[in-house]
Amino acid sequence: MKQFFLQSRLQKKHLIAVVILFQLVVVASMFMKAWSIKHYAVKNNTIVRISCTAYDPFNPFKGRYVRLTLSQNDLESEGKKLGIDLQKLSKNCSDYYMQENYANFIDKISSKNLNDLNPVLEVYVDKKGGAIQKALLVQENNKEIPIEEYIRLVLRGEISEHCN
């Protein structure tokens, strides 16, 4: 019986090691896929810009994010340029997550004011249509800046909120 217990204990340790290794492989493969998409897009100049509208929904399960509605015209024209169907980006890139303190700021402004900043989503795209988000840009004083930078400037008082 004692020998069985030791075997069982050893088997449990092996099982735990296999489960941990499997989880590490899954996470590593996610990072490798994102890296390969970004690397391909930068190397082959397949970073697309898609105008969008944005609103901030409340969802306790997904956390804080901005929901984007991507311009179908931009998706079609960018897709034609690349020879890739980008329609799936409407679903895959429709949520934009940011740090909690920035998301709290977005919660306080209206969708109209957010859309007055003319948001544009930049996306890395590979040859198979795989994509990852690069940045959500907004207009500030006739310059495009990442939305996180815009929020930082407003919070520091360097610019007034919602100005174009």
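Buried means under 20% relative accessible area, exposed means over 50%, and partly exposed covers what lies in between (1.4 Å probe, protein chains only). The model is predicted, so local features need pLDDT of at least 70 and side-chain atom pairs count only at pLDDT 80 or more, while totals for chains, interfaces and linings use all residues. Residues are numbered from 1 along each chain as its sequence is written, and side-chain values use heavy atoms, with hydrogens and water left out.

**View 1. Helix H6 and its packing partners.**
Helices (H or I, at least four residues) and strands (E, at least two) are DSSP runs, numbered from the N terminus. Helix H6 covers residues 147-156, and its buried residues are Ile147, Glu148, Tyr150, Ile151, Leu153 and Val154. These buried residues pack against strands E3 (95-97), E5 (131-140) and E6 (143-146) and against helices H4 (100-108) and H5 (111-115); contact means heavy atoms within 4.5 Å. Just after H6, Gly157 has a positive phi of about 85 degrees.

A salt bridge is a side-chain nitrogen of Lys or Arg within 4 Å of a carboxyl oxygen of Asp or Glu. Glu149 and Arg152 form one, at 3.0 Å from N to O. Both residues lie in H6, three residues apart, about one turn of the helix. Glu149 is partly exposed at 24% relative accessibility, and Arg152 is also partly exposed, at 31%.

Seven salt bridges are found in a search of the whole structure. One of them joins the side chains of Glu144 and Arg49, at 2.6 Å from N to O. Glu144 belongs to strand E6 and Arg49 to strand E1, so this pair ties together parts that are 95 residues apart in sequence. Glu144 is partly exposed, with a relative accessible area of 31%, and Arg49 is partly exposed at 33%. Arg49 and Glu144 are also linked with Glu122 and Lys134 in a network of salt bridges. Arg67 pairs with Asp95, their closest N and O atoms being 2.6 Å apart. Arg67 lies in strand E2 and Asp95 in strand E3, so the pair ties together parts that are 28 residues apart in sequence. Arg67 is partly exposed at 24%, whereas Asp95 is buried at 14%.

**View 2. Surroundings of Glu78.**
Glu78 is in helix H2 (residues 72-82). With a relative accessible area of 14%, Glu78 is buried. Apart from neighbours within four places in sequence, Glu78 contacts Val48, Arg49 and Leu86.

**View 3. The loop residue Asp56.**
Asp56 sits in the loop between strand E1 (47-55) and strand E2 (65-70). Its relative accessible area is 22%, so Asp56 is partly exposed. Neighbours within four places in sequence aside, the contacts of Asp56 are Tyr65, Ile106, Asp107 and Ser111. Asp56 and Ser110 are 54 residues apart in sequence, with their C-alpha atoms 8.2 Å apart in space.

**View 4. Two asparagines with positive phi.**
Asn45, in the loop between H1 and E1, has a positive phi near 55 degrees, in a residue other than glycine. Its relative accessible area of 63% makes Asn45 exposed. Asn142 is in the loop between E5 and E6 and has a positive phi of about 60 degrees, although not a glycine. Asn142 is exposed, at 75% relative accessibility.
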